[in-house]
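Dear colleague,

Please find the structure for your review directly below. My findings follow it.

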Amino acid sequence: MTNGFAELFSSRLFVKISALALTAIVSFYLGRRWSDSYPQLVFFTSGGASDRLASPSVAVSPNANLTLDVSALTSNTTLPGDADAPPPLDADLPSSSPSPPPEARKVGIVDANGTMSVGFDAGELDPDLADGWDDEGSAINETAGMGSREGETRVRVKIDKFKVCPQEMREWIPCMDNEEAIKKLNSTERGERFERHCPLAGKGLDCLVPAPQDYKKPIPWPQSRDEVWYSNVPHTRLVEDKGGQNWISRDKDKFKFPGGGTQFIHGANQYLDQISRMVTDIAFGNHTRVALDVGCGVASFGAFLLSRNVITMSVAPKDVHENQIQFALERGVPAMVAAFATHRLPYPSQAFDLIHCSRCRINWTRDDGILLLEVNRLLRAGGYFVWAAQPVYKHEEILQEAWKDMEDLTASICWQLVKKEGYIAIWQKPLNNSCYKNRDSGVQPPLCDAEDQPNKVWYVDLKTCITRLPENGFEANVSSWPARLHNPPQRLQEVDMDAYVAKVDLFKAESTYWNEIVESHIRIFRWKELELRNVMDMRAGLGGFAAALINQQIDCWVMNVVPISGPNTLPAIYDRGLIGVIHDWCEPFDTYPRTYDLLHASGLFSREQKRCNISSILLEMDRMLRPGGHVYIRDSKYIMEEILDITLAMGWRSDLRDTSEGPYASRKLLLCNKPFS
């Protein structure tokens, strides 16, 4: 037996068995070590016949790059117990692990074969489509210069707390109060001092604009239409100058607004009734939805039109009655500082169904009628100009000469005087160019050149020519309210954007996307309890966010801002029956401090980071935001950490969250609250 075992161990068979066993043991330990170091598993997949049309795909294990952030479990940037802060995560918010894909729904754009279709299976709308629909190369724009992608490093610089500005800056409007630039003007006789003169680079806002002493939470709408706190706008100049005209009065700790105006001291409602009787086709809230009130005072005209489903852009310069726009916004009425002077107003052509001037102190016939020609550019084809002024009804020689000049000018630009009654005259703009073409040769003012771009308005000089009406008649063919809010505007086809996108389908997709987002915010963040009134969408797209607020019956108005860095969608926004403005976010906005309850910015910072200083934009947002106000920023995750740091340095309570797309989505949501201090 012993000799048999000796022969076995000395045989070649034993050597082979030993070698195999040793190889197996070594392979096991090497494989285990490799697996621990590299947990990412990659599988190349191929689908069925329908999938072969698509590009090859790569499936990555959900454990790839999985890390645990302990600080996220033990800290929160939102102060506990703060009633104004966003609510904690609850069952309605997305969980920390990815949810299964939602069931496909029908929303529109293109089907799998590339054919346009209103009903295609899209699942959940890609936020990069609705948020960044006008980002040329958004994947590059989102990240360049900010944040870091996987494998890149980014040095984060500590941001010191911003200091508080001096008290004398508590009502500072940077581009309107630049006395250094105003003193250098060659002339001010045409109102140049009331236009934008922004601080030079390095001299802009670098501190937090303070509120007045004893500032209180604004009175909510609709009570604010009739009264506001004196301590929030502590100025009595208008009471002294206009109290006898029923504009405004002071009653202890409040200002009261009886609803009167210089030319309608018996109240705006009676005045609006008279206009409706004079021209029934005006039809407030139906045919007439969007109005412009020039030289608006405290905006009682626009305030009382709101109850008739008319939204009015109330404008006035910061002149001797310098706080009139501040009073309007404190009341919760749409308004901004603007002047008819030497530049086009920042609104598109054919934006307003009705333009109103009641003793607005503007000489419409000066300089060959250049100011009335700007009104003509802004007025929709078939729209109405309402003028309530002394030349309409007084018989002094100088006033009658002014009326004759107005008659001649309006006739030369083909306006028809449809009604003159008492102190009110109403003209209508033509529907097409036929009258202009049939004028005698040499009649002034001439038609603008065919190359004129009437929607190009940012720092563009006024022109002494008649803006041509497009031959397609798109601007005149808007639906009545409220249908126009939901109907794709015909001027959507004129928006300069990528040709491969179906614009009508994009309009529908954006509407669907924002309806879902706003509905979820109402449910999760209790928006209906926030008493939102003055809202700004800082990158408005096609106005889908504002439309969604109307659909969800939030009793607010929205200033839709279209940045100059993207396509000009503002004509389509006005055609929907909304209001807005063109703006460059590298510069301050023309409003008073503390005038907005909610600032909404979707894809703004990733769009503007190459052009503008992000800190400057956020400081401007702090200036515009009321104490207790809210900010919702939806943007690329690669820029959010820097935005978060700046908001904390401004003293905001900020909470960075995942969007509904989950923790691996390209975008994040930053919820901010500006505390009372």
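L669 lies in strand β21, which spans residues 667-673; helices (H or I, at least four residues) and strands (E, at least two) are DSSP runs, numbered from the N terminus. L669 counts as buried because its relative accessibility is 5%, where buried means under 20% relative accessible area, exposed over 50% and partly exposed in between, with a 1.4 Å probe and protein chains only. Leaving aside neighbours within four places in sequence, L669 is in contact with H521, F525, Y632, I633, R634, M640, D655, L656, R657 and T659; contact means heavy atoms within 4.5 Å.

Two remarks on provenance apply throughout. This is a predicted model, in which local features need pLDDT of at least 70 and side-chain atom pairs count only at pLDDT 80 or more, whereas totals for chains, interfaces and linings use all residues. Residues are numbered from 1 along each chain as its sequence is written, and side-chain values use heavy atoms, with hydrogens and water left out.

As to the chain overall, the secondary structure comes to 21 helices and 21 strands. Of the 677 residues in the protein chain, 52% are buried. Among contacts with a separation of 6 or more, 69% join residues 24 or more positions apart.

The largest nonpolar core has 151 residues; a nonpolar core is a set of buried Ala, Val, Leu, Ile, Met, Phe, Trp, Tyr and Cys residues joined through side-chain atoms within 4.5 Å. The residues with the most contacts inside this core are Y347, W364, F385 and F605. F385 touches I355, C357, W364, L372, V375, L379, M406, W415, A425, I426 and W427, not counting residues up to four places away in sequence. A second, separate core has nine residues, including L238, W247, I248 and F257.

Helix α11 (residues 366-378) contains R377. R377 is buried, with a relative accessible area of 1%. Not counting residues up to four places away in sequence, R377 touches R344, L345, Y347, P348, S349, Q350, K429, P454, V457 and T467. The C-alpha atoms of R377 and N455 are separated by 9.1 Å, although the two residues are 78 residues apart along the chain.

Two packed helices are described by the angle between their axes and the distance between the axes. Axes are lines fitted to C-alpha atoms, for helices over the stretch in contact, and angles run from 0 to 180 degrees between N-to-C directions.

First, α11 packs against helix α13 (residues 397-412) at an angle of about 60 degrees, with the axes 11 Å apart. That makes α11 oblique to α13, since angles under 35 degrees count as roughly parallel, over 145 as roughly antiparallel, 65 to 115 as roughly perpendicular and the rest as oblique. The crossing is right-handed; a crossing is so called if the near helix is turned clockwise from the far one by less than a right angle, and left-handed if anticlockwise. D368, G369 and L372 in α11 meet M406, L409 and T410 in α13. These residues divide into three nonpolar, two polar and one charged, where Ala, Val, Leu, Ile, Met, Phe, Trp, Tyr, Cys and Pro count as nonpolar, Asp, Glu, Lys and Arg as charged, and the others, Gly among them, as polar.

Second, the axes of helix α16 (residues 503-525) and helix α17 (residues 544-551) come within 8 Å and cross at roughly 55 degrees. α16 and α17 are therefore oblique to each other, and their crossing is right-handed. E510, W514, N515 and V518 of α16 make the contact with G544, F545, A548, L549 and N551 of α17. By class, five of these residues are nonpolar, three polar and one charged.

Third, helix α20 (residues 614-624) and helix α21 (residues 637-649) pack at an angle of about 50 degrees, with their axes 10 Å apart. α20 is therefore oblique to α21. The crossing of α20 and α21 is right-handed. I614, S615 and L618 of α20 form the contact with I639, I643, I646 and T647 of α21; by class, the contact has five nonpolar, two polar and no charged residues.

Finally, helix α10 (residues 324-331) is mostly covered, with eight of its eight residues buried. G332, which follows α10, has a positive phi near 90 degrees.

Yours sincerely
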